[in-house]
Amino acid sequence: MAKGLLMTYALWAIGGPAGLHHLYLGRDSHALLWMLTLGGGGLGWLWEFWKLPSFVAQANRAQGQRQSSGRGTPPLSPIRFAAQMIVGIYFGLVALISLSFMASFYIVGLPLAVGLGVLLVAAVGNQTSDFKHTLGVAFLISPIFYGRPIAILPISLAASITAQKHRRYKTSTGSETLSVRLYRLGLAYLAFTGPLAYSALCNTATTLSYVAETLGSFLSWFSFFPLLGHLMESVLLLPYRVWSLLVGDYGFSSGYFQEWEKLYEFVQSFQDEKRQLAYQVLGLAEGATNEEIHHRYRELVKIWHPDHNRHQPEEAQRHFLEIQAAYEVLSQPRKPRGSWRLNTALFKEAL
């Protein structure tokens with residue numbers, strides 16, 4: 001049955017952020033993406049208002065085809081590539097929060113999560129990409145940055161490049177019943193949200209620590225790029241600015257900034273506790289120089305490397321990972337505490 005534009009707009013208005021209009025049009029990958037990101041943070045949902053006629057036309061064309069949807073290679077899309085990068089990072093951060101307790105997380109869990117996020121965007125619309133190559137690259141890159149949250153960035157970048165390189169048109173298949181499609185989407189949705197919900201409900205304190213650690217690591221990625229860091233802080237403040245405009249307040253009140261300062265101070269205090277624990281793990285006094293940290297790290301790695309402790313492999317593996325994590329924490333540059341207050345003050349003056 002042909003899809004109607006009026007019905008599509010109605011579903012877009014009623015349940016657009018949940019992907020109802022994409023489900024109606026048979027764009028299941030796009031529907032799942034919107035379910036997991038709430039319509040691309042709302043921005044993607046609004047932007048689609050102008051794209052719905054083309055989506056409906058594409059769905060109606062696909063219904064009349066039983067052969068391949070197209071030959072050759074789809075045109076390169078910078079927007080799709082950027083979306084693959086962003087969703088890959090998003091999936092990686094969610095996995096880092098909910099699954100980082102796994103023993104093989106950085107070898108299996110993280111590259112799988114990032115790769116699936118990239119593939120989900122690659123499968124939006126009438127395009128798709130090669131499953132094996134994209135995930136294969138993600139798994140190859142992961143060991144290079146083992147144990148480091150920053151691994152999310154290079155894994156997502158490599159997987160996105162690979163997905164773009166192997167992009168192709170989807171082939172038309174026989175229509176499936178709505179129940180089968182909903183069952184598949186439900187399983188995918190539970191696979192994404194289940195671990196996160198379990199961590200939040202059954203281990204709330206640890207989950208909050210993971211969130212703070214992940215957010216702190218994310219902010220620390222931009223330590224070497226001050227302009228990009230300032231841009232990210234502005235992005236974090238953007239929701240409050242939009243809200244203030246909607247309620248008629250054309251400027252930020254001090255309370256809004258105080259809330260963000262509380263969040264920043266919480267993350268900063270958590271980072272300070274991590275550094276104190278890292279000094280204890282390495283057996284160093286606070287304020288040790290970079291040379292002392294590096295020298296002590298090399299000594300402990302030689303002592304506790306699993307290959308040198310085959311008689312006690314589990315204990316050696318635990319110490320070895322603790323040493324690596326401590327060295328990673330102490331290797332990151334510390335951001336001055338006053339920088340956030342200075343940036344917010346300048347931002348308020350600019351407004």
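**The interior and its surroundings**

Modeller: UniProt, in an unreviewed entry, places the feature "transmembrane region" at residues 6-25, 32-50, 81-99, 106-125, 137-161, 182-201 and 221-240; the positions follow the numbering used here, feature names are shortened, and annotations may be inferred rather than shown by experiment. This is a predicted model, in which local features need pLDDT of at least 70 and side-chain atom pairs count only at pLDDT 80 or more, while totals for chains, interfaces and linings use all residues. Residues are numbered from 1 along each chain as its sequence is written, and side-chain values use heavy atoms, with hydrogens and water left out.

The protein chain has 16 helices and 2 strands, these being DSSP runs numbered from the N terminus (helices H or I, at least four residues; strands E, at least two). Residues 81-99 are 100% helix, with end C-alpha atoms 26 Å apart.

The largest nonpolar core has 21 residues, of which Leu-33, Leu-36, Phe-91 and Leu-120 touch the most other members. Such a core is a set of buried Ala, Val, Leu, Ile, Met, Phe, Trp, Tyr and Cys residues joined through side-chain atoms within 4.5 Å. Helix 3 (28-41), helix 5 (52-63), helix 6 (78-99), helix 7 (105-122) and helix 10 (178-202) each supply at least two of its residues. Helix 3 gives the most, with 5. Leaving aside neighbours within four places in sequence, Leu-33 is in contact (heavy atoms within 4.5 Å) with Val-87, Leu-120, Val-121 and Val-124.

Helix 3 also holds Asp-28, which lies 153 residues from Arg-181 of helix 10. Arg-181 and Asp-28 are both buried and form a salt bridge, their closest N and O atoms being 2.7 Å apart. A salt bridge is a side-chain nitrogen of Lys or Arg within 4 Å of a carboxyl oxygen of Asp or Glu.

Glu-48, in the loop between helix 4 (43-47) and helix 5, is buried but has no salt bridge; Arg-27, the nearest side chain of opposite charge, is 5.9 Å away. Here Lys and Arg count as positive and Asp and Glu as negative, with His and the chain ends not counted. The side chain of Glu-48 makes a polar contact with that of His-21 (2.7 Å), meaning a pair of N or O atoms within 3.5 Å; within protein, one must be able to donate a hydrogen and the other to accept it, and residues adjacent in sequence count only if both atoms are side-chain atoms.

Terms used:
Buried < 20%, exposed > 50% of the residue type's maximum accessible area, 1.4 Å probe, protein only.
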